[in-house]
Amino acid sequence: MSEQRQTHIIGYGTLVLVWVLLLLLTGTTIAVSRVDLGALHVWAALGIACLKAALVIGIFMHMRYEGRLLRLSLLTALVTLAIFIGLTFFDVLYR
Amino acid sequence: MSLAPHRDEAGDRLGMWLFLFTELLLFGGLFLLYGVYLARTPEDFIRAGGELDLVLGTANTVLLITSSLTVAVAVSALQKGARSLTLGMLGITVLCALIFLVNKGFEWRAKIDHDIYPGSKRLLAGEGGESVFYSLYYLTTGLHALHVLLGAALLGWVGFRIRGGRRDGEGAVLENVGLYWHLVDLVWIFIFPLYYLIL
């Protein structure tokens, strides 16, 4: 039987580690929000949120173990969203 | 002669992800609106955001992160054939979802008691940016709460299917409902800093 397993099983230890990291990042983002960083604050908060999102998508949602088709689709969706947001701000901020 | 039922697990997941991309654009649009109005009236947004309950927001963040873990463990457990662990994890997930909704209810209740809701006298009399902030707050968290409710119902349904001994593709069903649940967590990961932590 040469049929390959299509599903990768992630161990409980890895999942718990991701959970701990997510909790630590949540604590960090709250701590950072209490520090006065001015305009940098929004970027710090969004940066940490993106890091958390990458952990959830990569491990919890198995994206790290998926094939090229799914990863490229995700990239396309994210780039589309980024273009939407980028072009809108290009209009709003420089009007 | 018997044929094993044809399964296309990769195709199942691709279909679910395509649906999730539309959800991403839906919430992305709301975050886009938030960003534009934050850039226009930053002081109003910061003042309005400061009134949200950080303790409840943090508690709900921890609940969703934990429920994301328990769903992921449930998926792994089912793949390993550990059914009772799967069912236990699904039970905890649904419980987290319900506590989340109760907390959300308290939050909304407290705001409405303080005369803060779209079209309320206080918001109409105040700065325009605050009114926009709270309209977006109710719209975004309301839409998110609907997703929590639907996700919890689907998780419960999958749990009963597994408990009833359904085997045909139950792994794929749980995986896809799990993906939906992680998306709910993902959206909250951005709602939390934008609405609760803004300076």
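I started with who lines the largest pocket: H1(B) gives the largest share, twelve residues. This is a predicted model, so I treat everything below as computed from it.

I listed the elements that give two or more residues to the lining: from chain A, helix H2 (40-60) and helix H3 (68-93); from chain B, helix H1 (9-40), helix H2 (42-49) and H7.

What classes make up the lining of the largest pocket? I got 34 nonpolar, six polar and no charged residues.

Next I checked H4 of chain B, residues 83-113. Its 31 residues reach 45 Å from first C-alpha to last, close to the 45 Å expected at 1.5 Å a residue. Buried residues in H4(B) include B:Met89, B:Leu90, B:Thr93, B:Ala97, B:Phe100 and B:Lys104. I note that residues three or four places apart on an α-helix point the same way, because there are 3.6 residues a turn. The buried residues of H4(B) pack against helices H3 (54-79), H6 (128-163) and H7 (170-196) of chain B. Just after H4(B), I found B:Asp115 with a positive phi of about 60°.

Last, the record. An unreviewed UniProt entry annotates "transmembrane region" at residues 12-32, 38-60 and 72-94 of chain A. I looked at residues 12-32 of chain A: 100% helix, 0% strand, end C-alpha atoms 30 Å apart. For residues 38-60 of chain A I got 91% helix, 0% strand and 33 Å between the end C-alpha atoms.

Conventions
Residues numbered from 1 in each chain as written. Chains lettered and ligands numbered in written order. Predicted model: local features only at pLDDT ≥ 70, side-chain atom pairs only at ≥ 80, totals over all residues. Heavy atoms only, no water. Helix = DSSP H or I, 4+ residues; strand = E, 2+ residues; numbered from the N terminus. Expected span 1.5 Å × (residues − 1). Buried < 20%, exposed > 50% of the residue type's maximum accessible area, 1.4 Å probe, protein only. Contact = heavy atoms within 4.5 Å. Nonpolar A, V, L, I, M, F, W, Y, C, P; charged D, E, K, R; others polar. UniProt positions renumbered as here; feature names shortened; annotations may be inferred.
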